[in-house]
Amino acid sequence: MTRDQNALGEYLRARREQVDPASVGLRVTGIRRTPGLRREEVATLAGISADYYLRLEQGRDRHPSVQVLLALSRVFDLDPAATKYLLGLAEPRPSRVRRPARRAVPSGVLQLLDVLELPAFVEDRMFDVLAANDLATALSPAIRPGQNRLRSLFLDEDERALYPDWEQATAGLIASFRASIGSDVDDPRIAQLVGELSLGSEHFRRLWARHDVRGLGGGAARMDHPRLGMLELRREKLPIGDSGGQLLVIYHAEAGSATAAALRSLRGPADADVRDHSTPLRDAR
């Protein structure tokens, strides 16, 4: 996954294929051989020439103006997160961008995890789990330092079984992953992870090819816990300042709900067998 693979063109093509012509006011007649919009239709709607748009998709022009990109964003009805991602793909940058090695979780955040009475963990921009409290590991054994959330959700059958809405959950996770890594496609670790998941999961390959992007905010999450049953959760992702892109992820539930009571039961002795095998927080740095 390198810049030579024309990330901007791939994204434009994937977005074009997702647009229903009728949704942008085009009259559809006869049989269309390709899904979504035709290139000339995109060009007309964006106010640019068909030849120029073709050059963008083919990678012969990789640095269009912001005005052109915003026009294309309107054609594809991109939200702010996806528009930011599109703009980032066209930014000139060196062929190799070396990011610093993964940083330790701040000591204050580790202390917070230890006293927080909710399942919580810290992940980096690649969704590697860097630290987790006992409640998070009791909620899912795959939420522990050294695990990757993408790898777990796509390749671990036990983790998949926790999510009754697995297809929706995986689609959202991939879209958030693209927002997290942005246009930084030169990181060998990212290429290795995407390659591994592409080989191991046809479902991942299909979703990755869509090039969906979603902001790194919170959202609803349903989990079918083997001991607690169905849980109706909220998941918050909070940026950790000056951490190189780390996020604090917290699961919580509506006050007074059955799920809130179930989360409190995670603190009881019934989960001791799970906690005893989790990695201590002091080893997660």
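Visitor: In which elements of the protein chain is confidence lowest and highest?
Guide: This is a predicted model. In the protein chain, mean confidence is lowest in helix α14 (residues 272-275), at 38, and highest in strand β1 (residues 120-123), at 97.

Visitor: What is the mean pLDDT of the protein chain?
Guide: The mean is 87, and 88% of the residues reach 70 or more. Over residues 270-285, however, pLDDT stays under 50. The model has 29 contacts beyond four places in sequence for that stretch.

Visitor: Which residues of α11 and α12 meet?
Guide: From α11 come Val 194, Leu 197, Ser 198, Leu 199 and Gly 200; from α12, Glu 202, Phe 204, Arg 205 and Trp 208. The residues of this contact divide into 5 nonpolar, 2 polar and 2 charged.

Visitor: Which residues touch the most other members of the largest nonpolar core?
Guide: Leu 139, Leu 150, Phe 154, Phe 177 and Tyr 251 do, in a core of 39 residues. Helix α10 (residues 166-181) gives the most to this core, with 5 residues. Apart from it lies another core, of 25 residues, including Leu 8 and Tyr 52.

Visitor: What is Tyr 251 in contact with, leaving aside neighbours within four places in sequence?
Guide: Its contacts include Leu 118, Phe 121, Leu 139, Arg 149 and Leu 263.

Conventions
Residues numbered from 1 in each chain as written. Predicted model: local features only at pLDDT ≥ 70, side-chain atom pairs only at ≥ 80, totals over all residues. Heavy atoms only, no water. Contact = heavy atoms within 4.5 Å. Helix = DSSP H or I, 4+ residues; strand = E, 2+ residues; numbered from the N terminus. Nonpolar A, V, L, I, M, F, W, Y, C, P; charged D, E, K, R; others polar. pLDDT = per-residue confidence, 0-100. Core = buried A, V, L, I, M, F, W, Y, C linked by side-chain atoms within 4.5 Å. Buried < 20%, exposed > 50% of the residue type's maximum accessible area, 1.4 Å probe, protein only.
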